[in-house]
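Please look over the sequence and the model below, and then follow this report through the strands, the cores and the pocket of the chain.

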Amino acid sequence: MRVGPGTQYDVEWVYVRPRIPLEIYQEYGNWRRVRDWQGTSGWVFGPLLSGRRTAVTAPWSKDKIALRGKPSVSSLVTAWLAPEVIVELVRCDGQWCRVAVNSLAGFVRQTRLWGIYPNDIL
C-alpha cells in the first residue's frame, strides 16, 4: 500500500495475509485508494486486487458472531465466530450473507459484517 497513486510514492504498508477485504473509495488510472476495517488507507495497484469478495466479522464487537444453518434468527447456531474473522462471501440478500470460513459454511446477519454495505445484494 502506497501513500500515493504511483510507484514513485513510498510504500506505507505491506499486506501479507491473503483475502483481506478492502473498500475501494477512489480511483486514479490503474490505482485504487482503499481502506481496511481498521481504518488504514492508501493506494494499491488495481491489478493486485482480487474480485473475490470477503468480509470481516464484526470488528467493532466484543461478542462472538453466530453462524447459522439458515438465514433466520430462529435457525440453529452451527458455530460461533470471533470478531475479525475473515470470511468468504458466497451471496448476500441484503439482510443475510452466506459465508464460508475454512470448512464451515452458514449464514451471518449482514449487519455483523465489515466488507459489504447494509442492504447490498451479492
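In this predicted model, Glu 88 stands opposite Ala 100 in strand E8. The two strands concerned, E7 (residues 86-92) and E8 (residues 96-101), run antiparallel and are joined by four bridges; two strands count as paired if DSSP finds at least two bridges between them. Strands are DSSP runs of E with at least two residues, helices are runs of H or I with at least four residues, and both are numbered from the N terminus. Because the model is a prediction, local features need a pLDDT of at least 70 and side-chain atom pairs count only at pLDDT 80 or more, whereas totals for chains, interfaces and linings use all residues. Residues are numbered from 1 along each chain as its sequence is written, and side-chain values use heavy atoms, with hydrogens and water left out.

**Strands and hairpins**

The chain has ten strands and zero helices. E8 is also joined to strand E9 (residues 104-109), by six bridges, and these two strands run antiparallel; here Val 99 has Gly 106 in E9 as its bridge partner. The hairpin of E7 and E8 has three residues between the strands, and in it Gly 94 takes a positive phi near 105°. The hairpin of E8 and E9 has two residues between its strands, and Asn 102 in the turn has a positive phi of about 55°.

Most residues other than glycine have a negative phi, and most peptide bonds are trans.

| Residue | Phi | Place | Relative accessible area |

**The disulfide**

Which residues does the disulfide join? It joins Cys 92 to Cys 97, with 2.1 Å from S to S, and the structure holds one such link; a disulfide is counted here when a pair of cysteine sulfur atoms lies within 2.5 Å. The link of Cys 92 and Cys 97 is right-handed, with 110° about the S-S bond, and both Cys 92 and Cys 97 are buried.

**The nonpolar cores**

In soluble globular proteins, nonpolar side chains tend to be buried together. A nonpolar core is taken here as a set of buried Ala, Val, Leu, Ile, Met, Phe, Trp, Tyr and Cys residues joined through side-chain atoms within 4.5 Å. The largest nonpolar core has 16 residues, and those with the most contacts inside it are Val 87, Leu 89, Cys 97, Val 99, Val 108 and Leu 113. Strands E5 (65-68), E6 (77-81), E7 and E8 are the elements that give two or more residues to this core. Apart from it lies another core, of five residues, including Ile 20, Trp 37, Ile 86 and Trp 114.

A contact means heavy atoms within 4.5 Å. Leaving aside residues up to four places away in sequence, Val 99 touches Leu 67, Val 87, Glu 88, Leu 89, Val 90, Leu 104, Ala 105, Gly 106, Val 108 and Leu 113.

About 880 Å³ of space lies in the largest pocket. A pocket is an open set of points on a 1 Å grid over the protein atoms alone, where a 1.4 Å probe fits and protein lies on both sides within 12 Å along at least five of seven lines, and lining residues have an atom within 4 Å of a point. The points are joined across faces, edges and corners, and the volume is the space filled by probe spheres set on them. Of the 32 residues that line the largest pocket, Ile 20, Pro 21, Leu 22, Glu 23 and Leu 49 are the closest to its centre. Strand E3 gives the most to this lining, with three residues.

Leu 22 lies in the segment before strand E1 (23-28), and Leu 22 counts as partly exposed because its relative accessibility is 26%. Not counting residues up to four places away in sequence, Leu 22 touches Tyr 15, Val 34, Arg 35, Asp 36, Leu 49 and Trp 114. Leu 22 and Trp 114 are 92 residues apart along the chain, and their C-alpha atoms are separated by 9.4 Å.

Definitions and conventions:
Buried means under 20% relative accessible area, exposed over 50%, partly exposed in between (1.4 Å probe, protein chains only).
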